[in-house]
Amino acid sequence: MLVLDTNDLPAADRLEALHAVVAQEGGISSAEEHEPAADMWKRLEVWHFGPVTLFDTRGTGVRFVRSFRKARRELLDNVSVMAQAEGFGTAAFGCDGYQRQLGADGIGLTPHMVASHEYGWAGAGSSLAFSVDIAHLALPVDTVRAAVPLLQHSPVESLLLQHIRGLRLQADRLSTGPEAEALAAATVQLTRALIVSVAGNDTTRRAVAHETLLTRVLAYLHAHLTEPELTPQRVARAHGISVRTLYRLCEENGLSLEQWIIRHRLEGARDDLAATDQDHRTNESIARSWGFGNPAHFSRRFQQTYGTTPTRWRRHSRDDPALSREAE
């Protein structure tokens, strides 16, 4: 949901409007713009997935500061995770005396109840963040705080990044759909796993690893979905379990690993076939980009799933764009 676009405002009102919105939505104490009011631009969108609030902020260079002393009372128990959008260089992140330059592959973590933080970029930039009450993480504040400078050493960091970027891509639809609560639960579980992977004691780490295993496996599958070599052996190895344990985990949760992969690859290929910006690509090229090495196998599975061939689907989706929306 769009909450601010300063291009819609007179130049003289832009900075004040930005301060008001970021204070209200994220408890930000100050926003220091790099550009004069006439040249500054900010666009802020916010979505709610159950207890998780997702923020997308983009625009000219800025430095956001959240002071612990000036934080809004109702936000004091929140934990925030922030990242720089892909293709927008690096951002400066600081929390509790720790400083880090965040590129497209890094995450910043702030426990609001014990620390102030700052986040900003130079030139055109875009950030993605979410916040959640620490009660949903079910972790001690000291554990969350200890994780702040260690996240870059966690194998879960990339999984959580991929997950929240996926949420952002379809946030308008997903945040109002029946899956919103489940997606919030997955976000919380991945955040818990991220924190304890670098800061939890052995007992907590084992417990959380067991509780979040399915969520981490699914996040890993999403992150590597287009790679043809995504095999059960590779998935099991990445999570330190046997293939037998992986299959048992899926079976206990009503999943078929191979069918899950094929279904989500087919969904991705179907969307690309219907997208007008993919007109220059052949059906075979799109199929390969989603992990289907055999065009005949792809066509056969596509027709079995959607009742039409890839070529017909592509043609009909051009003639009637509503078809592609109905299939979602």
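Biologist: Is A138 buried or exposed?

Modeller: The model is a predicted one, and within it A138 is exposed, with a relative accessible area of 57%. The cut-off for that word is over 50%, so a value of 57% places A138 in the exposed class. A138 is found in the loop between α2, which covers residues 134-137, and α3, which covers residues 141-147. The backbone of A138 also deserves attention: its phi is near 55°, a positive value in a residue other than glycine.

C95, a residue of cysteine, has a relative accessibility of 1% and so counts as buried. C250 is likewise buried, at 3% relative accessibility. As for bonds between cysteines, a disulfide is a covalent bond between the sulfur atoms of two cysteines. The structure holds zero disulfides.

Let us turn to residues in helices and strands. S131 belongs to strand β11, which runs over residues 125-133. With a relative accessible area of 7%, S131 is buried. When neighbours within four places in sequence are left aside, the contacts of S131 include P51, V52, T53 and F55, and also N78, V79 and S80. S131 and A209 are 78 residues apart along the chain, and 22 Å separates their C-alpha atoms.

T191 is a residue of helix α6, which spans residues 180-199. It counts as buried because its relative accessibility is 1%, and buried means under 20%. Leaving aside neighbours within four places in sequence, T191 is in contact with V81, F130, L137 and L160.

Not counting residues up to four places away in sequence, E227 touches R234 and R265. Between the C-alpha atoms of E227 and L214, which are 13 residues apart along the chain, the separation is 20 Å.

These residues may now be placed in the whole chain. The chain contains 15 helices and eleven strands. Its radius of gyration is 22 Å, close to the 20 Å that the globule rule gives for 328 residues, so the chain is as compact as a globular protein of that length. Along the principal axes, the C-alpha atoms fill a box of roughly 60 × 55 × 30 Å. Of the 328 residues, 49% count as buried. Among contacts with a separation of 6 or more, 69% are between residues 24 or more positions apart.

The accessible surface of the chain comes to about 15800 Å², and carbon and sulfur atoms account for 51% of it. The chain carries 35 positive and 40 negative charges, whose mean positions are 6 Å apart.

Terms used: Residues are numbered from 1 along each chain as its sequence is written. This is a predicted model: local features need pLDDT of at least 70, side-chain atom pairs count only at pLDDT 80 or more; totals for chains, interfaces and linings use all residues. Side-chain values use heavy atoms; hydrogens and water are left out. Helices (H or I, at least four residues) and strands (E, at least two) are DSSP runs, numbered from the N terminus. The radius of gyration is taken over C-alpha atoms; the globule rule is 2.2 Å times the number of residues to the power 0.38. Buried means under 20% relative accessible area, exposed over 50%, partly exposed in between (1.4 Å probe, protein chains only). Contact means heavy atoms within 4.5 Å. Accessible areas come from the Shrake-Rupley method with a 1.4 Å probe; for residues, only the protein chains shown count as cover. Lys and Arg count as positive and Asp and Glu as negative; His and the chain ends are not counted. The place of a charge is taken as NZ of Lys, CZ of Arg, CG of Asp or CD of Glu. A disulfide is a pair of cysteine sulfur atoms within 2.5 Å.
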